[in-house]
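Here are a few friendly notes to read alongside the structure.

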Amino acid sequence: MSGGAVDTDPPGSGLALAETLTQAEKYSPYRFFSADDWAQFRADTPLTLDEEEVRRLRSLNDPIDLNEIRRIYLSLSRLLSAHVEASQLLFRQRQAFFNADGTGKTPYIIGIAGSVAVGKSTTARVLKELLARWPSTPKVDLVTTDGFLLSNAVLRREGLMERKGFPESYDVGALLRFLSSIKSGQRNVRAPLYSHMTYDVLPDAFVEVDRPDILIFEGINVLQTRDIPRDGKAVPFVSDFFDFSIYIDADERLIHRWYIERFMRLRQTAFRDPEAFFHKFAKVTEEEALAIAEGLWREINLKNLQDNILPTRPRADLILRKGANHFIEEVALRKI
Ligand SMILES: Nc1ncnc2c1ncn2[C@@H]1O[C@H](COP(=O)(O)OP(=O)(O)O)[C@@H](O)[C@H]1O
Ligand SMILES: CC(C)(COP(=O)(O)O)[C@@H](O)C(=O)NCCC(=O)O
């Protein structure tokens, strides 16, 4: 990441504006933009969503609005359009290089990573809609990695219920088989589904992915790596299948606040359902609920963020850094 020997201090991978606008940017693999500068790159990209559609796409507790789409997401959509077009051109050039006749191009895969409660789902859904409305009307699918979690029965048996979301709680083999099938151009590839209501993977429920032009693959773990074995039997990382990756970032204290606020709102909504796994938390006092949310944050999600998610940030092609209220304040784009 440091780009060779230099006399100065090695660049940090942090995104604090003060740091990024100085010496560090010169040696960093990223170019940094304030949200206002980033917004200029939307050029004449049309706004294809309306206020009502944005309301429908956003998650609980995420105040994203049309202005934020205009400010951040139109430039991102334009950038991704350039990347997808370049990838299609490269594909045709490769075909010519091999004198191959046209087996179709396989899906362009965009990974979206970041902490629990940082708002990955909203970003993924908004991008899906914007990309699908390009003039070329590509088919865009979205898959989330929670479907690849081990079932609660297995997690309990292995003593991993308190480690949900940690690397060992996913069926990594299934994740890799899924992405490998997609990238080899297979049709009707099945991805398992997760329910936040039952807090478990859904038995026998799948979504079928049938050769989309673009697949958005979203989850906390998508940029994670593993130790490489010395016996030459290395298996790929999930991100080896990505054409582009995005990390949604924010100060740990903000994400903490968003997690707690969301939990307290879920108590008044989703947890009210007697079928909900967390229904018991709708019935305790406000103070008890707060203590439970704080415990879940501290013991599971914060640890996972610090140990397994944040360390993957420097692997992303693009980092969207949020400030208070979920609004993006800074953008870092990997130099090419
Ligand atoms: N216990 C829960 N019950 C119902 N919905 C939930 C629960 N936990 C999270 N969600 C919803 O699931 C989605 C994914 O949440 P999460 O994995 O934390 O990612 P992010 O907040 O980055 O999108 C969000 O839309 C969130 O509001
Ligand atoms: C299901 C999750 C691991 C997120 O999974 P992802 O889609 O990012 O793979 C997370 O939302 C979660 O439930 N974490 C467990 C701790 C908690 O209940 O907050």
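1. Which of the 14 residues around ligand 1 come nearest? They are Ser-59, Val-116, Lys-120, Ser-121 and His-196. Please keep in mind that this is a predicted model.

2. The shell around ligand 1 holds 7 nonpolar, 5 polar and 2 charged residues. Helix 6 (120-132) and helix 9 (252-268) each supply at least two residues of that shell.

3. Ligand 2 has a shell that divides into 4 nonpolar, 6 polar and 2 charged residues. Helix 11 (residues 286-309) gives the most to it, with 3 residues. Among the residues around ligand 2 are Leu-296, Ile-300 and Asn-301, along with Asp-146 and Lys-164.

4. Now to strand 7 (residues 244-250), where 7 of its 7 residues are buried. In a regular strand, side chains alternate between the two faces of the sheet. Here Phe-244, Ile-246, Ile-248 and Ala-250 lie on one side, Ser-245, Tyr-247 and Asp-249 on the other, and both faces are covered.

5. Strand 7 has parallel partners. Strand 2 (residues 108-114) is joined to strand 7 by 5 bridges, with Gly-114 opposite Ile-248. Another 5 bridges join strand 7 to strand 8 (residues 318-322), where Leu-318 is the bridge partner of Ile-246.

6. Strand 4 (residues 189-195) and strand 5 (residues 200-209) pair in the antiparallel sense over 6 bridges. Val-189 has Val-209 as its bridge partner. In this hairpin, with 4 residues between the strands, Tyr-199 takes a positive phi near 60°.

Terms used. Residues numbered from 1 in each chain as written. Chains lettered and ligands numbered in written order. Predicted model: local features only at pLDDT ≥ 70, side-chain atom pairs only at ≥ 80, totals over all residues. Near = placed C-beta within 6 Å. Nonpolar A, V, L, I, M, F, W, Y, C, P; charged D, E, K, R; others polar. Pairing = 2+ DSSP bridges. Buried ≥ 20, exposed ≤ 12 C-beta atoms within 10 Å, placed from the backbone.
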